[in-house]
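I opened my notebook to look up a few features, one at a time. Here is what I wrote down.

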Amino acid sequence: MITVDFSDALFVYLFIWILTIGILWARELWRLKAYDWSLSSKDKLCFCDHCHYAFLVKNNENITRCPRCNEMCILRKRRG
């Protein structure tokens, strides 16, 4: 049988936990980078006033229809 001191076992236990947390942290950083998204300069985010659905519209459109409820949505220019 292998004899292990209490301090050595505690060190190995803590090292395995720190290594596991480091691997999970690196995985989370990779996942956030891989699945990150942002709006392009050609699209705008529009909200339907009727059903509160958010959808993307082309930048040069002023009036569009909601894909969920087919309600007319007027895009207002925002200041600033």
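**Loops, strands and core**

I began with His52, which is exposed at 65% relative accessible area. My cut-offs: buried is under 20% relative accessible area, exposed is over 50%, and partly exposed is in between (1.4 Å probe, protein chains only). This is a predicted model, where local features need pLDDT of at least 70, side-chain atom pairs count only at pLDDT 80 or more, and totals for chains, interfaces and linings use all residues. Residues are numbered from 1 along each chain as its sequence is written, and side-chain values use heavy atoms, with hydrogens and water left out.

I placed His52 in the loop between strand E1 (43-47) and strand E2 (54-58). Strands (E, at least two residues) and helices (H or I, at least four) are DSSP runs, numbered from the N terminus. His52 is not a glycine, yet its phi is positive, near 60°. Most residues other than glycine have a negative phi.

I then checked Asn70, in the loop between E3 and strand E4 (72-74). Asn70 also is no glycine and has a positive phi, about 65°. Asn70 is partly exposed, at 47% relative accessibility.

Next came Thr64, in strand E3 (residues 63-65). Is Thr64 buried or exposed? Thr64 is buried, at 14% relative accessibility. Beyond four places in sequence, Thr64 contacts Phe55, Val57, Glu71, Met72 and Cys73. Contact means heavy atoms within 4.5 Å.

Which residues make up the largest nonpolar core? I listed seven: Cys46, Cys48, Phe55, Val57, Cys66, Cys73 and Leu75. Such a core is a set of buried Ala, Val, Leu, Ile, Met, Phe, Trp, Tyr and Cys residues joined through side-chain atoms within 4.5 Å. Leaving out residues up to four places away, Val57 touches Lys42, Asp43, Lys44, Cys46, Thr64 and Leu75.

**Helix H1**

I searched the whole structure for aromatic pairs and got three. Phe11 and Phe15 are stacked, 6.4 Å centre to centre with 20° between the planes. Rings of Phe, Tyr and Trp (its six-membered ring) pair if their centres lie within 6.5 Å; planes under 30 degrees apart are stacked, over 60 edge-to-face, the rest tilted. Phe11 and Phe15 are four residues apart in helix H1, so about one helical turn separates them.

Tyr13 and Trp17 pair edge-to-face, at 6.3 Å centre to centre and 75° between the planes. Tyr13 is partly exposed at 48%, and Trp17 is partly exposed at 45%.

I ended with Leu10, found in helix H1 (residues 6-34). Leu10 is partly exposed, with a relative accessible area of 40%.
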